[in-house]
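Biologist: Please bring up the model. I have some questions about how its parts meet.

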Number of protein chains: 2
Amino acid sequence: MSNYTSIKLAARPAPGPITADSFDVVQNEIPTPGQGQLLIKQTHMSLDPAMIGWMQPDPESYIPPVGIGEVMRSSGVGTVVESKHPGFAKGDRVGGLMGWTEYLVSNGDGLNKLPAELDPETVLAVFALPGLTATQGLFGFGDPKEGETIVVSGAAGSVGSIVGQLAKAEGLNVIGVAGDDEKCAWIRDELGFDGAINYKSDDIAARLAELAPSGVDIYFENTGGPIQHHVFDRMNAHGRIIVCGMIADYGTDKPSAGPNWIPLIKKRITIRGFAMPDHLSDAQGLSEKLTPYVMGGKIKFRTHILEGLESSIDGLNLFFTGGNRGKLIVKL
Amino acid sequence: MSNYTSIKLAARPAPGPITADSFDVVQNEIPTPGQGQLLIKQTHMSLDPAMIGWMQPDPESYIPPVGIGEVMRSSGVGTVVESKHPGFAKGDRVGGLMGWTEYLVSNGDGLNKLPAELDPETVLAVFALPGLTATQGLFGFGDPKEGETIVVSGAAGSVGSIVGQLAKAEGLNVIGVAGDDEKCAWIRDELGFDGAINYKSDDIAARLAELAPSGVDIYFENTGGPIQHHVFDRMNAHGRIIVCGMIADYGTDKPSAGPNWIPLIKKRITIRGFAMPDHLSDAQGLSEKLTPYVMGGKIKFRTHILEGLESSIDGLNLFFTGGNRGKLIVKL
């Protein structure tokens, strides 16, 4: 019998950085799948900012919190090592919600078989949550039109980088906001954004005036923080704001104030908050919308690889510090 | 030759109450209409909160400000006293944007002939801006569904009182927010709202918990002010917020902070700001939507009548103090 490792949530994290105290690292015996089940060895695990929310009990959230004592929730890619399920064979590559674990037994529900030509990093960085979220947010709610201006916060992040590239492919003036010069250079020089703002060191208002001289039509909000009020102040009439993430406020006791609502009337602005679980029933349609951009070479990405299951714990803190360079993936 | 009075904007008002310094009251000679024109004697003039915004230059607003030296903008009802226009005859009742004036010459653009059976107060209180705004906001953006809960701020106001009655007719649980006990009693006992909150004297959070035990699905915002954060905190998943007015902040230098946007994601809330001029091209359709409710006796209203053109000036301050009892109409 061999063992494998999994990580369970042990306690609700206090505000501030995530620490090892919140988790139990446990050893388990690799199980044998029963009839109708399959055994998966996870090879690549996605870390996403939403996980920080999943650790907190919140009766109002779109998804139940991870229970104390439960394996931490995450999506990943793995290989079928044994199958007693008619739909899966040994060697198949599969993707889905697998959790922080090296092995798992599944009955196949919610698992997707992955085409052999798609490498796991592309799956997790583009065709999993980041790409579907970007596609739903931009096309489902943003109504992007050629010649318009979009500002994307968290623009070097997994969702923001795809939103900006999709918008660029549609002919918009694309401005990305990120937290350091290297990220700004990457979205501008590698991804083709029209402009980048370093919200930590630039004069945000001056840079926005320069990069969006005719105002902002779409604001794709991934972060919250100081950029929000500046962009809000420059929104054009009939502007659309899509609220996808507020990482700047997730770890705080006292979330920052939002903008006053008078401009919503004057400029007839719509603000739309969304969360992907509502739209997963349309994952197929979203994938089909996204695929031509990927096939056409319009979507570049980079990955930030952590090694080993236990690196996940401190890895979450990279979302607070902005220390990651690309999509965070844990290799097992 | 006889004279008539009109009132022109003389200066942009400073923050705070509206004073006579901002206006010029002028005497004019009653003109003779030219070919294709008609002369109207205005009999009833509407005062609306939006006027306070129209006095301020704001490049971002949905409508140009009233120019210095121009007759103050308003809608009204009048009688044709002389016509050289083929579409109008002496004695016709007409409605439209007439301004703060006892007489005006028009070429007919933007004027509506009014059915003889509709009295001018019903026109201004229901079928003009208030009713069209309520209909567009509630049905165009609110997506009201039987059994849902709606909170309406400014519920005793011209728009809010109609929104609440339309929602009641649709089978919603309707909670109105107003600034004194008499208004609360009126919306509850006369208009049939399910509950009323006096935001000045009630424990807002406790009253909301009591009146909206299953949360709030639609928030129709006419005022801003202290109620906003309380209702926002009780919004349900997939809630809709329609922002129609923010009178509590119109006269201030420092508009109050809005709510943080995290709940927009968790609860997938949409906030939609709107202004009626965008929707006047659909005035006919909105009237047709509204008419059956009025004909069916579902829409009650009351008017607060001021006498004489010059009463308009101080009349605007009633929107700040909440001192009006019903739709503000100036009888000329």
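Modeller: In β13(B), A:I271 has B:I271 as its bridge partner. Strands here are DSSP E runs of at least two residues, helices H or I runs of at least four, numbered from the N terminus. This is a predicted model: local features need pLDDT of at least 70, side-chain atom pairs count only at pLDDT 80 or more, and totals for chains, interfaces and linings use all residues. Residues are numbered from 1 along each chain as its sequence is written, with chains lettered from A and ligands numbered from 1 in the order in which they are written.

Biologist: In which sense do β13(A) and β13 of chain B pair?

Modeller: Two strands pair if DSSP finds at least two bridges between them. β13(A) and β13 of chain B (residues 270-273) have 3 bridges, and their sense is antiparallel.

Biologist: Which strands stand at the edges of the sheet?

Modeller: The sheet is open, with 12 strands and mixed pairing. Each edge strand has a single partner, so one side of each is left without a neighbour in the sheet. They are β10 (195-198) of chain A and β10 (195-198) of chain B.

Biologist: How are α3(A) and α10(A) oriented to each other?

Modeller: Angles run from 0 to 180 degrees between N-to-C directions, and axes are lines fitted to C-alpha atoms, for helices over the stretch in contact (C-beta atoms, placed from the backbone, within 7 Å). Helix α3 (129-142) and helix α10 (283-295) of chain A pack at about 85 degrees, their axes 9 Å apart. Angles of 65 to 115 degrees count as roughly perpendicular. Therefore α3(A) and α10(A) are roughly perpendicular.

Methods:
Parallel < 35°, antiparallel > 145°, perpendicular 65-115°, else oblique.
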